[in-house]
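Work through the exercises below with the model open beside you. Try each task before you read its solution.

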Amino acid sequence: MATIRQKLSTYAITILTHQRHRIFQRTDNAELMIATLFRYRDQGQFALHAFAIMPDHLHVLVTPAIDVSTACCVQFIKGGYSFAVRKQFPGEVWHAGYHEHRIRDQNDFKAQKQYIANNPVRKSYTDYAHVHTRYEDRLDPTPGAKAQDLSRP
């Protein structure tokens, strides 16, 4: 039986590709991943606050809907993308599992969002197109300002 959370929490999630293959080095693949993120966000499965689609992994900052677990969010992202890319890439797409970090407060949220935005810079990718800073008008707002309650405003 699934546990339903009593309040919304925000998570920084990192997902690796299978054997760190550089699947997202192809612009079409990276854009398909971005479309996948926005599709599930638009369906209300999670609020999308930040992302960076790197060649061999991705970072997302999400607030799952109250009835959606973090594991379900990852399943939407991985499964939705795998289904969509299957014709172009028939092999394994994802590394098993993922890393999640529960956001503790506004400072942690800001730090994680900055970390995600700076990921391409740390890897020396100049003018990188597959990061949330290019999509600010489509992102969900920062969760509430109370340190102990990161629910949506």
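The exercises cover salt bridges, cysteines, a helix pair and backbone angles.

This is a predicted model, in which local features need pLDDT of at least 70, side-chain atom pairs count only at pLDDT 80 or more, and totals for chains, interfaces and linings use all residues. Residues are numbered from 1 along each chain as its sequence is written, and side-chain values use heavy atoms, with hydrogens and water left out.

**Exercise 1. Salt bridges**

Task: Find how many salt bridges the structure has, and study the one between Asp 56 and Arg 20.

Solution. 
- Step 1. Set the rule: a salt bridge is a side-chain nitrogen of Lys or Arg within 4 Å of a carboxyl oxygen of Asp or Glu. The rule gives 6 salt bridges.
- Step 2. Check the distance. The closest N and O atoms of Asp 56 and Arg 20 are 3.0 Å apart.
- Step 3. Asp 56 sits in the loop between β2 (46-54) and β3 (57-64), and Arg 20 in the loop between β1 (11-16) and α1 (27-42). The two are 36 residues apart, so the pair links distant parts of the chain. Here helices (H or I, at least four residues) and strands (E, at least two) are DSSP runs, numbered from the N terminus.
- Step 4. Judge the surroundings. Buried means under 20% relative accessible area, exposed over 50%, and partly exposed in between (1.4 Å probe, protein chains only). Asp 56 has 13% and is buried. Arg 20 has 41% and is partly exposed.

**Exercise 2. Another bridge and a network**

Task: Describe the salt bridge between Arg 104 and Asp 108.

Solution. 
- Step 1. The N to O distance is 3.6 Å.
- Step 2. Arg 104 is exposed at 53% relative accessible area, whereas Asp 108 is buried at 6%.
- Step 3. Salt bridges that share partners also join Arg 41, Asp 42 and Asp 140 into one network.

**Exercise 3. Cysteines**

Solution. 
- Step 1. Set the rule: a disulfide is a pair of cysteine sulfur atoms within 2.5 Å.
- Step 2. Count. The structure holds 0 disulfides.
- Step 3. Compare the two sites. Cys 72 is partly exposed at 30%. Cys 73 is buried at 0%.

**Exercise 4. Two helices**

Task: Work out how α1 and α2 (residues 70-85) pack.

Solution. 
- Step 1. Read the geometry. The angle is about 130 degrees, and the axes are 9 Å apart. Axes are lines fitted to C-alpha atoms, for helices over the stretch in contact, and angles run from 0 to 180 degrees between N-to-C directions.
- Step 2. Classify. Angles under 35 degrees count as roughly parallel, over 145 as roughly antiparallel, 65 to 115 as roughly perpendicular, and the rest as oblique. α1 and α2 are therefore oblique to each other.
- Step 3. List contacts, meaning heavy atoms within 4.5 Å. Residues in α1 including Leu 32, Met 33 and Tyr 40 meet residues in α2, among them Phe 76, Ile 77 and Tyr 81.

**Exercise 5. Positive phi**

Solution. 
- Step 1. Recall that most residues other than glycine have a negative phi.
- Step 2. Phi of Gln 19 is positive, near 50 degrees.
- Step 3. Gln 19 lies in the loop between β1 and α1, and is exposed at 58%.
- Step 4. Arg 20 is in that loop too, with a positive phi of about 55 degrees.
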